[in-house]
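The following questions and answers work through one protein model, moving from the chain as a whole to single residues. Each answer is meant to be read with the coordinates at hand.

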Amino acid sequence: MSRLVPWRMQALILSVLSVIAICNALPFTAIINIEPLDNNDVKVRAHYGVIVPLPCPSLLHSVCNEGTSSCIAHIVPSPMQGKQPPPGWCVRQWQKIIPKQHSSNIHLGTSAGVVLSTRADLSIRKDKRKVNRPPFSALIPPIRVSAGCSRDISLSTYDLDGDRVKCRYAQDKSGECHGNCPQHAFLLLDEASCTLRYTGGASVGQYYVKLMVEDFPVPIPHVEMDQEALSSNPVFLSITVEAEVADCAALPVFVDKTPVENTMFPVLPYEEVKFNVTVRSEAETVLEMAVAGPPSLYISQLKDEQNSDKSRALSWVRDVNQLSRLLSICFTANTNSLQSEIRCIWLQQRPMNDLPAGTELNCNNTNMTLVLPVSSMADLPLDDLKLNDPSCPVFHNSTHVTAVFPLLGCGTKIVHAGSDLVYTNTLKSTGVTSLITRRATLTLPLACRIKPQEAKGPQYKIVMPKEEKVFGKFTFWVEFHRPGKGPLGNLTRVPQFRRIPRQVRVVKAARLELLDMYVFSNSSMTRAQLMMGGCMESETEDFSSASPLVDSGCSRGNRSLEMIVQTSLIKVYRLDLSKIPTVGNMMYVECKVSLCVTMQASEKCPEPCDPNPNANVLVSNFMSSNYTVRSGPVFLLDTPDPVAATPATTTQAATTATVTTTPTPTPTPTQPPANTTTDSATDRSSSMALLLTTVFLHTLCLCLIH
């Protein structure tokens with residue numbers, strides 16, 4: 001007993017010290033990117049990006065407290081967050097108008113402050129004949145390394161003027177340190193490539209480094225320019241050194257169509273950029289894919305793919321904003337003790353001029369009408385002008401270019417910008433095949449923005465169709481089959497799961513070990529999707545005591561695994577009955593289901609396991625009401641007729657359980673199948689070609705901002 005006292009005292013001391021460390025921790029990452037202002041050679045616009053330890057601090061009381069328009073806090077309902085390293089972190093961003101040479105004291109919440117310096121030369125360059133544009137640095141997620149493993153950490157930068165970008169350590173003699181310029185023997189900096197190398201050998205702990213990113217003009221013949229840095233922007237990084245691992249080469253790697261490092265996406269107004277990030281880890285399970293990006297970035301939940309891969313979908317819609325011209329999106333994969341490379345891509349908000357004088361763009365409930373004066377398009381080949389869909393006509397005469405096209409056709413896209421509905425198309429020159437040309441070209445984004453109050457008024461009326469108009473008459477039902485049997489027996493015999501199942505123990509007993517649960521709908525809408533809201537099992541028909549089988553369409557631990565099927569109106573789950581608490585020989589199953597169809601054939605309804613955490617980016621779709629489908633009694637004994645609960649005509653391998661369908665709350669569904677079961681799996685399979693899938697949307701909990 002005497003030995004326990006020192007142990008408890010040590011634990012108490014460590015807990016207190018950890019709380020003190022969190023409350024006084026420096027930011028994990030901090031950057032400042034600066035942009036020149038129009039007709040101003042004294043001040044610049046500074047864009048701040050900071051990753052701070054949890055709890056996520058409020059921006060309202062930390063920045064922009066002067067009450068002036070020169071500061072804008074980018075407040076979002078759910079800030080981007082990550083779990084590694086502890087205690088976790090979140091992204092905070094804002095912008096300010098500051099002097100061209102300035103020191104900023106960044107202090108958010110309970111984290112300790114850090115002072116970062118910026119400098120910009122706002123004189124006219126001799127080579128470009130315009131004001132210099134400083135380079136941009138990407139805001140990267142927190143860095144993790146293993147103590148005994150060397151690693152290269154690339155700092156992603158981009159310069160719009162095409163200058164040479166170099167990185168160096170902050171210097172006290174230049175007034176950049178402010179008493180905090182740590183340098184470490186185990187960190188080496190390649191200034192030309194902006195690559196920080198961790199050589200290994202550091203003790204476990206957290207270390208900080210302060211760097212400066214600078215741009216240098218590229219020499220041009222007959223143009224004399226000083227080869228001094230034109231501007232200096234800061235990058236503050238933390239490096240968390242963790243315990244050694246057995247294999248330094250076993251890091252997670254990005255695969256498939258994940259964008260390569262420094263991919264550039266030009267973005268027009270109201271255009272959406274979307275891509276998937278897929279990672280593979282052989283040594284350890286990927287716990288999270290950490291992402292740092294611009295406000296209103298849509299990030300899906302981590303999704304299980306084949307071969308133990310994990311993926312996330314990312315997308316961003318360019319709404320009216322005051323963000324920087326260049327925006328970075330950086331991501332990395334974290335396991336319990338490993339981290340993949342940190343990869344960054346860039347979004348370039350292309351500058352757009354105002355519409356030429358005399359231009360008319362009119363919108364009504366069905367069409368968009370454009371009238372463009374020819375006088376504003378000198379030397380432009382008018383025959384080359386096309387909409388997103390080149391087959392839609394664009395007319396021109398000696399005075400005007402005109403186009404009338406539908407809101408739901410000619411390549412018009414629909415995006416949501418906040419609570420507004422925006423229809424977008426683009427009028428552009430299509431006859432240019434070379435990146436370098438002397439021909440005049442045109443890229444003119446067209447947008448009709450419908451505000452919520454307009455949608456309610458007499459000028460614009462939205463009529464939502466009834467369910468039966470969209471999906472036809474439909475119903476739902478549940479079937480249970482032995483693995484390798486049933487309407488998809490060939491698929492379930494050697495199944496592909498959305499995640500790798502653990503080895504199922506084999507027990508010789510009177511009860512079945514495995515059972516396949518099929519959920520069906522028979523909607524006549526060819527693009528409809530079946531959506532799962534969740535399934536429960538109970539030993540009693542009234543479900544007075546029930547336990548979950550499937551959560552929101554997602555597998556529930558080791559109790560169920562979803563199989564990958566190509567038919568959108570069927571969901572198949574492999575049930576491990578040894579993990580289900582039912583102890584009797586019979587169970588009942590109840591599932592929440594619905595139907596979904598997207599407005600555009602190229603899109604898919606949001607995955608049930610992939611909720612949308614950001615209301616600014618939505619897939620346009622139509623959802624049915626939620627329905628409850630309940631099975632009859634399902635026998636679990638390993639008998640010649642193991643699943644049948646009623647004296648029906650069935651085969652040994654398959655039976656169909658009794659179903660009742662209850663809508664919630666309003667629409668009236670079609671009649672469900674009969675309460676007695678006489679159909680075999682073979683009879684049911686004749687109708688499978690008509691079946692489609694449904695989606696049940698979930699929202700993520702908003703982060704509590706302290």
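Q: Which residues does Ser281 touch, leaving aside those up to four places away in sequence?
A: In this predicted model, Ser281 sits in the loop between strand S19 (272–280) and strand S20 (288–292). Its C-alpha atom is separated by 4.3 Å from that of Pro252, a residue 29 positions apart along the chain. Once residues up to four places away in sequence are set aside, Ser281 touches Pro252, Val286 and Thr335.

Q: Is Ser281 buried or exposed?
A: The side chain of Ser281 reaches the backbone oxygen of Glu284 at 2.5 Å. The relative accessibility of Ser281 is 9%, and the limit for a buried residue is under 20%. Ser281 therefore counts as buried.

Q: With which side chain does the side chain of Ser311 make a polar contact?
A: Ser311 belongs to strand S23 (residues 310–317) and counts as buried, because its relative accessibility is 6%. Leaving out residues up to four places away in sequence, Ser311 touches Val277, Thr278, Met289, Gln301, Leu302, Lys303 and Glu305. Within that group, the residue whose side chain makes a polar contact with the side chain of Ser311, at 2.7 Å, is Glu305.

Q: How many helices and strands are there in the protein chain?
A: Of the 706 residues in the protein chain, 50% are buried. Among contacts with a separation of 6 or more, 73% are between residues 24 or more positions apart. The secondary structure of the protein chain consists of 5 helices and 46 strands.

Q: How many residues does the second, separate core have?
A: Ile140, in the largest core, is in contact with Thr29, Ile51, Leu155, Leu237, Cys330, Ile342 and Cys344, its neighbours within four places in sequence being left aside. A second core is separate and includes Met517, Val519, Met532 and Met587. The number of residues in this second core is 32.

Q: What is the angle between the planes in the aromatic pair of Phe474 and Tyr627?
A: Phe471 and Phe474 form an edge-to-face pair, with 6.0 Å centre to centre and 80° between the planes. Phe474 also pairs with Tyr627, again edge-to-face, at 5.7 Å centre to centre. This second pair links distant parts of the chain, with Phe474 in the loop between helix H3 (467–471) and strand S34 (476–481) and Tyr627 in strand S43 (residues 626–631), 153 residues apart. The angle between the planes of Phe474 and Tyr627 is 85°.

Q: Which residues do ring pairs link into a cluster?
A: Phe471 is buried at 0% relative accessibility, Phe474 is buried with a relative accessible area of 4%, and Tyr627 is buried with 1%. The cluster linked by ring pairs consists of Phe471, Phe474, Phe476 and Tyr627.

Q: What is the omega of the cis peptide bond from Pro86 to Pro87?
A: Most residues other than glycine have a negative phi, and most peptide bonds are trans. The bond from Leu54 to Pro55 is cis, with omega near 5°, and Pro55 lies in the loop between strand S2 (43–53) and strand S3 (71–73). Pro87 is in the loop between strand S4 (81–82) and strand S5 (89–99). For the cis bond from Pro86 to Pro87, omega is near 10°.

Q: Is Asn39 buried or exposed?
A: Asn39, in the loop between strand S1 (29–36) and S2, has a positive phi near 55° although it is a residue other than glycine. Because its relative accessible area is 85%, above the limit of over 50%, Asn39 is exposed.

Conventions: Residues numbered from 1 in each chain as written. Predicted model: local features only at pLDDT ≥ 70, side-chain atom pairs only at ≥ 80, totals over all residues. Heavy atoms only, no water. Helix = DSSP H or I, 4+ residues; strand = E, 2+ residues; numbered from the N terminus. Buried < 20%, exposed > 50% of the residue type's maximum accessible area, 1.4 Å probe, protein only. Contact = heavy atoms within 4.5 Å. Polar contact = N/O pair within 3.5 Å; in protein donor to acceptor, adjacent residues only side chain to side chain. Core = buried A, V, L, I, M, F, W, Y, C linked by side-chain atoms within 4.5 Å. Phe/Tyr/Trp six-rings, centres within 6.5 Å; stacked < 30°, edge-to-face > 60°.
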